[in-house]
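Here is a friendly note to read alongside the model. Please keep the viewer open and look up each residue as you go.

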Amino acid sequence: MTEQIGIRCALMRGGTSKGAYFLASDLPDDAAARDRVLLAAMGSPDPRQIDGVGGAHPLTSKVAVVSRSGRPGCDVDYLFLQIVPDKAIVSAAQNCGNILAGVAPFAVERGLVAPAGERTTVRVHMVNSDSVAEVTVETPDGRVRYDGDVAIDGVPGRHAPVVQAFLDTEGSQCGALLPTGRSMDEIAGVPCTLIDNGMPVVVMPASALGLTGHEDMATLEGDAALRERLETIRIEAGERMGLGDVRAQTVPKLTLVAAPRDGGMIATRTFTPHSLHSSIGVLGAVTVATACLLDGSPAHALAAVPPGRSKRCDVEHPTGRLTVEIELEAQAEGIKLRRAALVRTARLLMDGTVFVPGAL
């Protein structure tokens with residue numbers, strides 16, 4: 001009889017996602033062994049993840065691996081891993097800005113970072129993209145505060161703010177903001193922007209696919225022909241973006257854009273890539289908002305772009321909006337993105353031990 005192995009784990013909601021947070025020291029050093037443990041812990045491959053703690057959806061089947069950082073000027077390293085519910089796939093091909101919202105609270109809870117007064121700023125090295133984010137959480141009386149009065153669309157209730165500032169996310173995985181060097185490409189007859197400002201995304205006007213861009217989730221999820229067409233575009237885009245064969249990858253994401261209807265800058269519907277996102281990912285929103293600011297892009301033609309160097313970009317999505325503040329700097333070769341910031345919330349849901357079979 002093989003005994004089960006217990007591993008300390010925290011379940012946290014970060015933004016509009018939910019995942020399992022681990023200290024790197026509690027997981028195997030070997031990546032293949034680590035992935036087997038995480039698949040077992042989350043219950044993949046199984047669309048219901050019935051034998052694990054995963055939530056049977058890409059947005060609730062995520063993992064953060066956190067450790068003290070060896071990078072100068074950073075407090076912690078954060079490796080994001082996407083666990084595919086119905087396949088034995090653990091992907092490190094992307095960041096997750098929503099799960100990032102839980103990294104600073106987790107680091108304080110685990111003693112990796114000491115509270116520094118009423119608010120504590122944690123400098124996070126995002127390992128997936130080798131970039132840095134500053135994440136500020138409220139820590140009155142030396143403890144993380146989770147209750148508050150901030151509401152974000154897609155999450156019930158109100159909670160304490162988690163302020164995220166992204167400092168150097170251009171070309172996080174593709175090596176350049178615009179990997180093809182153009183603000184507009186065409187794939188399978190559809191104009192699009194292939195862009196990476198923290199998340200590789202293919203940004204397309206919904207109208208080019210015969211849609212309004214304001215369809216409900218059930219309509220888009222149930223359109224098999226649309227999803228097949230989008231996957232064809234995604235595979236070609238992956239090659240052009242330098243990501244190689246992306247059939248088994250979770251990037252690039254696909255975002256359909258349309259003129260806003262609710263006072264925002266742009267309306268979006270995002271595929272992650274094979275399921276429709278109920279809102280939009282944090283770094284996906286940063287990237288799509290950036291596409292809206294590029295002259296000549298299909299998104300720019302549809303967007304209500306605010307004036308000024310510092311722009312409040314309200315990105316509409318199926319369950320509300322996500323606001324990104326982007327600071328620009330004009331340069332001879334075009335615009336330079338200096339900083340992107342936004343507010344999320346997070347909550348510790350469970351801290352305990354997850355069990356996996358001893359024979360993996």
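**Notes on strands, helix, cysteines and spaces**

1. Let's begin at a turn: in the hairpin of β6 and β7, with four residues between the strands, D130 has a positive phi near 55 degrees. Strands here are DSSP runs of E with at least two residues, helices are runs of H or I with at least four residues, and both are numbered from the N terminus. This is a predicted model, in which local features need pLDDT of at least 70 and side-chain atom pairs count only at pLDDT 80 or more, while totals for chains, interfaces and linings use all residues. Residues are numbered from 1 along each chain as its sequence is written, and side-chain values use heavy atoms, with hydrogens and water left out.

2. Which strands does β7 pair with? Strand β6 (residues 119-126) pairs with β7 in the antiparallel sense over eight bridges, and H125 stands opposite V132 in β7. Strand β9 (residues 162-166) also pairs with β7 in the antiparallel sense, over four bridges; there the bridge partner of V135 is Q164. Two strands count as paired if DSSP finds at least two bridges between them.

3. Strand β7 (residues 131-138) is largely enclosed by the rest of the structure, because seven of its eight residues are buried. Buried means under 20% relative accessible area, exposed means over 50%, and partly exposed lies in between (1.4 Å probe, protein chains only).

4. Helix α5 (residues 282-292) is mostly covered, with 11 of its 11 residues buried. Among them are V282, G284, T287 and C292. As background, an α-helix has 3.6 residues a turn, so residues three or four places apart point the same way.

5. How many disulfides are there? The count comes to zero, where a disulfide is a pair of cysteine sulfur atoms within 2.5 Å. The sulfur of C9 is too far for a bond, because the closest cysteine sulfur, in C96, is 16 Å away. C174 is in no disulfide either, and the nearest cysteine sulfur, that of C192, is 13 Å away. C9 is buried at a relative accessible area of 1%, and C174 counts as buried at 16%.

6. The structure holds two cavities of 30 Å³ or more. On a 1 Å grid over the protein atoms alone, a cavity is a set of points where a 1.4 Å probe fits but cannot get out; a pocket is an open set with protein on both sides within 12 Å along at least five of seven lines; lining residues have an atom within 4 Å of a point. Grid points are joined across faces, edges and corners, and a volume is the space filled by probe spheres set on the points.

7. The largest cavity holds about 210 Å³ of space. Of its 23 lining residues, Q94, M199, K253, H277 and G281 lie nearest its centre. Helix α5 returns here, giving the largest share of that lining, four residues.

8. The second largest cavity holds about 40 Å³. Its lining includes V137 and E138.

9. Finally, the open spaces. The largest pocket has a volume of about 390 Å³, and of the 20 residues lining this pocket, P58, V84, D86, K87 and H274 are the closest to its centre. The second largest pocket has a volume of about 160 Å³, with β16 (320-331) and β17 (334-344) as the elements that give two or more residues to its lining.
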